[in-house]
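Subject: Structure for your files

Hello,

Here is the structure I said I would pass on. My notes on what was found in it follow below.

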Amino acid sequence: MIERKRVGDVEWVHGKVESAQSKMGVNVFVTDGLMIDTGSESLLSGLIPFFSVGRF
């Protein structure tokens, strides 16, 4: 599950990663076209649409 919010000029995306052994939340922030936190590779397929060219 991926949730997207905008706070001022910062785009915030929150995703949840689950494995057999653990659960964790992952946050990714984008401002001025710069990604601050790359998050988890396991969310990559869900994050790509959010960070495609022309979204920001």
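The side chain of His14 makes a polar contact with the side chain of Asn27, at 3.0 Å. Please keep in mind that this is a predicted model, so the distances and areas in this message are computed from predicted coordinates.

More on that histidine. His14 lies in strand β2, which covers residues 10-18. Is His14 buried or exposed? His14 counts as buried because its relative accessible area is 18%, and the cut-off for buried is under 20%. Leaving out residues up to four places away in sequence, His14 touches Asn27 together with Val26 and Gly25, and also Met1, Ile2 and Glu3. There is also a C-alpha separation to report: His14 and Arg4 are 10 residues apart along the chain, and their C-alpha atoms are separated by 6.4 Å.

Overall layout. The chain has 4 strands and 1 helix, and from the N terminus the elements run β-β-β-β-α. Of the 56 residues in the chain, 25% are buried. The accessible surface comes to about 4100 Å², and carbon and sulfur atoms account for 56% of that surface. Among contacts in the chain with a separation of 6 or more, 22% are between residues 24 or more positions apart.

Strand pairing. β2 and β3 pair in the antiparallel sense over 9 bridges, and the two strands form a hairpin with 4 residues between them. One of the bridges joins Val10 to Thr31 in β3. β3 also pairs with β4 (residues 34-35), again in the antiparallel sense, over 2 bridges. In that pairing Val30 stands opposite Met35 of β4. The hairpin of β3 and β4 has 2 residues between the strands, and Asp32 takes a positive phi near 50 degrees there.

Nonpolar core. Which residues make up the largest nonpolar core? There are 6 in all: Val13, Val17, Val26, Val28, Leu43 and Leu47. β2 and β3 (23-31) are the elements that give two or more residues to this core. Leu43, a member of the core, is in contact with Val17 and Val26, and also with Ile2, Gly15 and Lys16, when its neighbours within four places in sequence are left aside. Val26 and Ile2 are therefore on the contact lists of both Leu43 and His14, with His14 counted as buried at 18%.

Confidence. The average pLDDT of the chain is 78, and 86% of the residues score at least 70. Where is confidence lowest, and where is it highest? It is lowest in helix α1 (residues 44-47), with a mean of 73, and highest in strand β1 (residues 2-7), at 86.

Regards

Methods. Residues are numbered from 1 along each chain as its sequence is written. This is a predicted model: local features need pLDDT of at least 70, side-chain atom pairs count only at pLDDT 80 or more; totals for chains, interfaces and linings use all residues. Side-chain values use heavy atoms; hydrogens and water are left out. Buried means under 20% relative accessible area, exposed over 50%, partly exposed in between (1.4 Å probe, protein chains only). A polar contact is a pair of N or O atoms within 3.5 Å; within protein, one must be able to donate a hydrogen and the other to accept it, and residues adjacent in sequence count only if both atoms are side-chain atoms. Contact means heavy atoms within 4.5 Å. A nonpolar core is a set of buried Ala, Val, Leu, Ile, Met, Phe, Trp, Tyr and Cys residues joined through side-chain atoms within 4.5 Å. Two strands pair if DSSP finds at least two bridges between them. Accessible areas come from the Shrake-Rupley method with a 1.4 Å probe; for residues, only the protein chains shown count as cover. pLDDT is the predictor's confidence in each residue, from 0 to 100.
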